[in-house]
Amino acid sequence: MVIDPALLPQVGQLLDRILGILPRLLHQLLHPSLHQIYKLLPANTFWPSPRRVQTPATVYFIRENGRPIDCVVWIQQNVQLLWNNGAFGKGILSRSNPTWLLRQIRRSTDRIDDGSTVVFPEDRTRQRRQLRPFARDPGVSVDDQSDPDPEIEPVQLSPCETLFLHQTQVLVPIDSVTKLAVPFTDLWTAFAATDEHLGIKYAAYFYYRARGWAVRSGIKFGSDFLLYNGGPEFSHSVYSVVVRQRHQEVGGEDELQGLKDTWQYLFALNRVATQAKKILVVCYVDPPVDESKITDPSQYTVEELVVTRFNPNAKKE
């Protein structure tokens, strides 16, 4: 059988799609021993792509008295690959997938090669805002700038995305000043300086990523994460997840450590999730007793609670 060389790129993309569903199939077929199986497999086997990937990232540390107190992680290579195979990262000038340059090109051509109009998420947002009554003038946006530069929109990774891709040996973080590789512990220290709940959030993030979900920030819905089946380009998010740590000792003024949840707060979260056609999940995470293992997500205990609103009209006999 002879394959036309012109079709090789399409064949490669098809194989990537087929191999990309292997983690989810393994989870469905071999759920009880999934964790042990992944331990035996070579690193970087499935995430974020079935083929081995090494993506350099630039780490900009924010230091105080010589000690890192925060950091920003940008990538400019394998951007589309990371997006298509897990929805990793966010373009700093776009809603999600970095499309600023393509939008600038479209502004000058209005059409793509096949003659069809390109519609980006930013276009839909602008259309919705224009349809609202008493819509305000949006002013000058980033899209109104000229002279598009292909280097102008790097992709920024969240702390959980950075840690996850580093642990799976996909990401090679490089210090912007020293040009040396940044170890996992340095990244953890910098992120933890601004988020005291980093451990439980990363454990929940790793938990859902290991089960085949594309995990994105849920801040616009008041939650920690949104879970997508494939990614934002394929479907709307199904679940809105809030991560909480439960007290080991029951009792006291509050059974949730470091958080002040009330029933009114949970009702508000649930109403937002329901209006957005999502299911609210409270993910309870208990950290390991041994603090030396706090950076290992497999040492955490995870429990899930689905919160739904009782509708008497829908529950009639």
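Two strands pair if DSSP finds at least two bridges between them, and strands (E, at least two residues) and helices (H or I, at least four) are DSSP runs numbered from the N terminus. The model is predicted, so local features need pLDDT of at least 70 and side-chain atom pairs count only at pLDDT 80 or more, while totals for chains, interfaces and linings use all residues. Residues are numbered from 1 along each chain as its sequence is written, and side-chain values use heavy atoms, with hydrogens and water left out.

**Exercise 1.** Find which residue of S10 stands opposite aspartate 286, and describe the sheet around it.

*Solution.* Begin with the residue: aspartate 286 faces threonine 301 in S10. Next, take the strands, where S9 (residues 279-286) and S10 pair in the antiparallel sense over seven bridges. Then widen the view to the open sheet of five strands, ordered S6-S7-S8-S9-S10 with mixed pairing. Its edge strands are S6 (214-217) and S10 (301-307), each of which pairs on one side only.

**Exercise 2.** Determine whether aspartate 175 is buried or exposed, and list its contacts.

*Solution.* First, locate aspartate 175 in strand S5 (residues 171-175). Its relative accessible area is 6%, and because buried means under 20% and exposed over 50%, with partly exposed in between (1.4 Å probe, protein chains only), aspartate 175 is buried. Finally, leaving aside residues up to four places away in sequence, aspartate 175 touches Val59, Phe61, Arg63, Leu180 and Val182, where contact means heavy atoms within 4.5 Å.
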